[in-house]
Amino acid sequence: MTSMLLPAPPDTLGLLALQLGVLVAVRYLLVSTAFAWWAARRRPQLYRPADPARRARLARQIRREIGWSLLSAFLYAGPAAVALAAFLNGGTRIYTDLADRPIWWLPVSVALYLLAHDTWFYWTHRAMHRWPVLFRTAHAVHHESRPPTAFAAMAFHPFEALSAAWLYPAMVFLVPIHAGALVLVLVIATIMAVTNHMGHEMFPRSWVHGRFGRHVITASHHELHHRRYDANFGLYFRWWDRWCGTDAGLSDCV
Ligand SMILES: [Zn+2]
Ligand SMILES: [Zn+2]
């Protein structure tokens, strides 16, 4: 069992974690910078305020968001390195040959990973808002940004980052997923985390206020969470919020 979970010697595992940390950090910087640039063109008052004092405050906020996010990148890399090392030694349920599973399993596995993450996030997020001690300790960092920018995508206290960092790495030992489908899950997770904080709604209004937006969380939904604190706790889908009476609808400010 130990050899399956830790197939690489600790020094190799440490190096792998470091390399993955750099990869996650670079991915974060590239994606956040790209979407911040786009959002700044749509909402210059958010990213390039005319008032020098507000500009200085925003620069401090973005530096803080980047600092916490880079720390999170290296924390995420720890469990990911364990999973990657196990994968390289054939110890996970990740498969690379499409013939290994029916083709319908591809979308089902992507949905299962996203649903598991969404469920875990909703309940831990809601718990952090319900208990003040948890909020102050683990979640206040994420809400220091008012309003957040695209750089707040991974701006979490280490406790909050670690509370979710293990989920996908643990799932690859349990739920079969094609390597390409896993990459798709990570791409969706990254893009949604960035765009939901960038202060600009990237989807057409007809989508956001239509069937798509009734189910999928976009910037209009998460921005309201950053204003109100007491609602809209979901990550990818609005279902838990709706089932639990915590859905406050959409913001018109993004
Ligand atoms: Zn947020
Ligand atoms: Zn929150």
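This is a predicted model: local features need pLDDT of at least 70, side-chain atom pairs count only at pLDDT 80 or more; totals for chains, interfaces and linings use all residues.

User: What share of the residues counts as buried?

Analyst: Of the 254 residues in the chain, 36% count as buried. As for contacts between residues at least 6 apart in sequence, 72% of them join residues at least 24 apart.

User: Switching to the backbone, what is the peptide bond from Arg146 to Pro147 like, cis or trans?

Analyst: That bond is cis, with omega near -5°, and Pro147 sits in the loop that runs between helix H6 (132-139) and helix H7 (158-165).

User: Then there's Tyr229. What is its phi?

Analyst: Tyr229 has a positive phi of about 70°, although it is not a glycine. Tyr229 belongs to the loop between helix H12 (219-228) and helix H13 (239-243).

User: Where is Asn232, and what is its phi?

Analyst: Asn232 is also placed in the loop between H12 and H13, and its phi is near 55°, again a positive value in a residue other than glycine.

User: Is Asn232 buried or exposed, and why?

Analyst: Asn232 counts as buried because it has 24 C-beta neighbours inside 10 Å, and the cut-off for that label is 20 or more. Tyr229, by contrast, is partly exposed, because it has 13 other C-beta atoms within 10 Å.

User: One more residue, Leu106. Which helix is it in?

Analyst: Leu106 lies in helix H5, which covers residues 105-130. Leu106 is partly exposed, with 16 other C-beta atoms within 10 Å.

User: Which residues does Leu106 contact, leaving aside its neighbours within four places in sequence?

Analyst: With those neighbours left aside, Leu106 is in contact with His178 and Ala181.

User: And how far is Leu106 from Phe173?

Analyst: Their C-alpha atoms are separated by 17 Å, and the two residues are 67 residues apart along the chain.

Technical notes. Residues are numbered from 1 along each chain as its sequence is written. Chains are lettered from A and ligands numbered from 1 in the order in which they are written. Helices (H or I, at least four residues) and strands (E, at least two) are DSSP runs, numbered from the N terminus. A residue is buried if 20 or more other C-beta atoms lie within 10 Å of its own, exposed if 12 or fewer, and partly exposed in between; C-beta atoms are placed from the backbone. Two residues are in contact if their C-beta atoms, placed from the backbone, lie within 7 Å.
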